[in-house]
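Please find below a note on the model under review.

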Amino acid sequence: MKDIMDFLLAALPWICMGLLLAIFFAQNIRKEKDSKKKENYGTEGMALGMCFGVAIGTSLGNNTGIGLSLGMLAGLVIGSCIEKKKNDGEE
């Protein structure tokens with residue numbers, strides 16, 4: 001059972017990175033199909049997610065890699081759901 005948990009903990013960051021790439025590609029394809037581009041907070045969410053993920057990962061047992069990847073994934077998902085509002089000066 002310990003070997004299975006070790007394998008899952010080693011593979012989890014790679015799985016999260018694969019999911020991140022899939023979300024990036026899906027967003028890019030969707031943006032190309034839309035005539036007007038909608039901006040979102042995906043990048044800002046990833047940056048904040050990395051910070052919070054590392055903080056939580058180190059405080060819960062020194063799992064920095066898993067905290068980093070899961071935080072980045074959660075930040076991207078949350079940030080992608082929030083659209084940026086355009087200011088009057090921006091086109």
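1. Basis of the note. This is a predicted model, in which local features need pLDDT of at least 70 and side-chain atom pairs count only at pLDDT 80 or more, while totals for chains, interfaces and linings use all residues. Residues are numbered from 1 along each chain as its sequence is written, and side-chain values use heavy atoms, with hydrogens and water left out.

2. Overall fold. The protein chain contains 3 helices and 0 strands, in the order α-α-α along the sequence. Helices (H or I, at least four residues) and strands (E, at least two) are DSSP runs, numbered from the N terminus. Of the contacts in the protein chain with a separation of 6 or more, 71% are between residues 24 or more positions apart; contact means heavy atoms within 4.5 Å.

3. Burial and surface area. Of the 91 residues in the protein chain, 23% are buried. Buried means under 20% relative accessible area, exposed over 50%, and partly exposed in between (1.4 Å probe, protein chains only). The protein chain exposes about 7,000 Å², of which carbon and sulfur atoms supply 66%. These areas come from the Shrake-Rupley method with a 1.4 Å probe; for residues, only the protein chains shown count as cover.

4. Nonpolar core. The largest nonpolar core consists of 6 residues, namely C16, L20, M46, M72, L73 and L76. Two or more residues of this core come from each of α1 and α3 (64-80), and α3 gives the most, with 3 residues. A nonpolar core is a set of buried Ala, Val, Leu, Ile, Met, Phe, Trp, Tyr and Cys residues joined through side-chain atoms within 4.5 Å. In soluble globular proteins, nonpolar side chains tend to be buried together.

5. M46 and L76. M46 lies in helix α2 and counts as buried because its relative accessibility is 13%. Leaving out residues up to four places away in sequence, M46 touches L20, F24, M72, G75 and L76. With neighbours within four places likewise set aside, L76 is in contact with L20, I23, F24, G42, G45 and M46. M46 and G79 are 33 residues apart in sequence, yet 7.4 Å apart in space, C-alpha to C-alpha.

6. Salt bridges. The structure holds 2 salt bridges, each being a side-chain nitrogen of Lys or Arg within 4 Å of a carboxyl oxygen of Asp or Glu. One joins the side chains of D6 and K2 (3.2 Å, N to O); these residues are about one helical turn apart because they are 4 residues apart in helix α1. D6 is partly exposed at 39%, whereas K2 is exposed at 60%. In another, the side chains of E44 and K84 meet (3.4 Å, N to O). This pair links distant parts of the chain, with E44 in helix α2 (residues 42-59) and K84 in the segment after α3, 40 residues apart.

7. Nonpolar surface patch. M1, I4, M5, F7, L8 and L9 form a nonpolar patch on the surface, with about 680 Å² of accessible area together. Patches are made of residues with over 30% relative accessible area and no salt bridge, like charges being joined within 9 Å and nonpolar side chains (Val, Leu, Ile, Met, Phe, Trp, Tyr) within 5 Å. M5 belongs to helix α1 (residues 2-33) and is partly exposed at 42% relative accessibility.

8. Cysteines. How many disulfides are there? The count is 0 disulfides, a disulfide being a pair of cysteine sulfur atoms within 2.5 Å. C51 is exposed at 53% relative accessible area, and C81 is exposed at 63%.
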